[in-house]
Amino acid sequence: MNRNRELLSVLGETFSAFDRALADYHRELEPREVGLVKSISSGIAKVAGLPNVKSDELVYLGDDVPGIAFNLDLDEVGVILLGDSDRLEAGDKVRRSGRVTDVPVGEALLGRVVDATGKPLDGGGEISTPDRRPIEREAPAIMDRAPVTVPLQTGLKVVDALIPIGRGQRELIVGDRQTGKSAIAIDTILNQQNQDVICIYCAIGQRSSSVAKTIATLRDRGAMEYSIVVTSAGEDPPGLRYIVPYAATTIGEYFMEQGRDVLVVYDDLTRHAWAYRELSLLLRRPPGREAYPGDIFYLHSRMLERATHLRDDLGGGSLTALPIVETQAQNISAYIPTNIISITDGQIYLSPDLFQKAVLPAVDVGKSVSRVGGKTQLPAYSDISGDLRLSYAQFQEVEVFARFGTQLDEDTMQTLARGRRVCEVLKQPEAQPIPVAEQIAVLYAVNDGVFDEVELEDMRSTSQAIRDAAIDRIPDICDRIQSGESLSDDDRQRLLDVCRDAVRDFLPSS
């Protein structure tokens with residue numbers, strides 16, 4: 001009997017607790033807007049019944065296919081699909097999410113391959129990050145920015161010496177297809193090892209095999225430890241190709257605001273413009289020049305303006321942008337290239353003519369410029385960059401006349417010989433970035449005429465001998481070059497003496 005009483009007492013207390021909880025619980029009704037799919041097209045949907053949906057709000061169609069509310073018309077909403085449209089049909093329900101399109105950010109993304117929405121593509125398991133940020137964010141205000149003062153070394157002699165890039169700069173890489181644009185960007189990522197720079201490679205509409213090759217290169221060289229790959233393949237819906245560079249920029253901004261230096265490569269914005277044009281035409285937006293919508297300039301400017309160097313009191317972080325643009329038949333004055341040239345702080349132009357002559361990287365020094373990076377260039381480069389550019393320009397001008405068998409005077413012959421050796425020195429194999437001190441040793445040597453008597457076929461081995469000699473014999477000068485100190489006259493003389501000694505074995509016997 002006592003046990004029955006105890007059981008009844010416990011049950012009574014339990015039910016009383018349930019009654020009190022139910023009495024205290026008051027669920028507020030939550031209004032939800034539910035729309036219906038009117039029609040489905042390639043990558044877009046027309047939706048009715050969402051009168052309060054906001055621009056760029058994330059919506060879910062049918063069986064949770066994500067989309068972005070893009071066109072807000074009076075009687076319907078144009079939605080960009082971020083998933084497979086084959087799973088949708090007219091009449092499916094559409095619900096609002098109440099938030100704009102965002103992407104996960106954080107340290108957990110380092111070393112991973114993700115899509116435009118932050119989903120892992122590398123088979124490495126789920127990515128757990130506490131923070132999510134909108135893919136569209138305002139660029140830092142002018143007063144929040146600081147001057148670009150620190151160089152971003154690419155490891156490429158022709159770029160670091162003649163077209164330098166600073167941390168926080170926007171430098172366009174432009175040229176015809178298959179001229180080595182992506183190779184320059186990948187070499188720059190490889191050169192950031194041990195430089196405390198977070199690298200983000202954003203592949204826009206690339207072939208999956210091409211992206212896989214790039215990822216393999218980064219992994220083999222140990223670069224994935226400090227890199228993130230954000231990709232949207234050519235076979236993905238145009239909506240994913242449209243948002244992927246914005247997602248990559250947001251991920252980079254997270255690290256920049258932590259006081260870190262970030263490099264973002266956009267490969268390439270031509271395909272991004274194509275994806276946006278496709279979406280705009282499907283959504284019946286009025287076409288303009290070359291069928292692009294009128295806001296195509298704003299499309300890229302609002303993204304690239306987010307690249308900057310923040311003030312020290314805001315962390316002092318930087319975001320460097322290397323957008324890539326493809327030209328057709330060397331037409332650098334086409335619509336999209338000129339748009340992005342006007343947005344960026346300079347361009348590296350790659351010439352197919354130089355590529356066909358095996359001058360790699362095929363950088364056309366005459367058409368390339370850096371409007372900011374020269375202020376960040378290490379002093380050792382500044383001492384020789386002007387003379388190198390002049391020698392190279394004179395060589396290119398004189399070479400045109402030399403092709404016709406014109407009789408040349410001795411000074412012109414000397415200009416040709418020096419220019420050919422400058423051209424040979426600036427050649428560099430892919431995926432082999434060179435440290436600053438070794439670059440300076442070789443460039444000082446060619447600028448001072450140390451290579452003048454070396455045969456052209458021996459230039460590569462001679463350059464390697466000079467690099468090895470500089471590291472072995474004058475490590476103190478190499479350290480000062482790397483730390484950004486100016487070289488004294490004595491330092492220059494010691495450097496040139498070491499270069500001359502290294503070259504002696506390659507000079508023709510008299």
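Phe70 is buried, with a relative accessible area of 10%; buried means under 20%, exposed over 50%, and partly exposed in between, for a 1.4 Å probe and protein chains only. The model is predicted, so local features need pLDDT of at least 70 and side-chain atom pairs count only at pLDDT 80 or more, while totals for chains, interfaces and linings use all residues. Residues are numbered from 1 along each chain as its sequence is written, and side-chain values use heavy atoms, with hydrogens and water left out.

Seven aromatic pairs occur in the structure. Rings of Phe, Tyr and Trp (its six-membered ring) pair if their centres lie within 6.5 Å; planes under 30 degrees apart count as stacked, over 60 as edge-to-face and the rest as tilted. The ring centres of Phe70 and Tyr276 are 6.3 Å apart, and their planes meet at 85°, so this pair is edge-to-face. Phe70 belongs to strand E4 (residues 65-72) and Tyr276 to helix H6 (residues 269-282), so the pair ties together parts 206 residues apart in sequence. Tyr276 is also buried, at 2% relative accessible area. Ring pairs join Phe70, Tyr242, Tyr246 and Tyr276 into a cluster.

Two arginines sit over tyrosine rings. The charged end of Arg277 is 4.3 Å from the ring centre of Tyr292. For Arg302 and the ring of Tyr298, the distance is 4.8 Å. The criterion is NZ of Lys or CZ of Arg within 6 Å of the ring centre and within 35 degrees of the ring normal.

Most residues other than glycine have a negative phi, and most peptide bonds are trans. The bond from Asp267 to Asp268 is cis, with omega near -5°. Asp268 lies in the loop between strand E13 (261-267) and H6. Leu360 and Pro361 are likewise joined by a cis peptide bond, with omega about 0°. Glu290, not a glycine, has a positive phi of about 55°. Its loop runs between H6 and helix H7 (296-304). Glu290 counts as partly exposed, at 42% relative accessibility. Ala329 also has a positive phi of about 55°. Ala329 counts as exposed, at 72%.

The chain as a whole has 15 helices and 16 strands. These are DSSP runs, numbered from the N terminus: helices (H or I) have at least four residues, strands (E) at least two. Of the 510 residues, 52% count as buried. The C-alpha trace spans about 120 × 65 × 40 Å along its principal axes.
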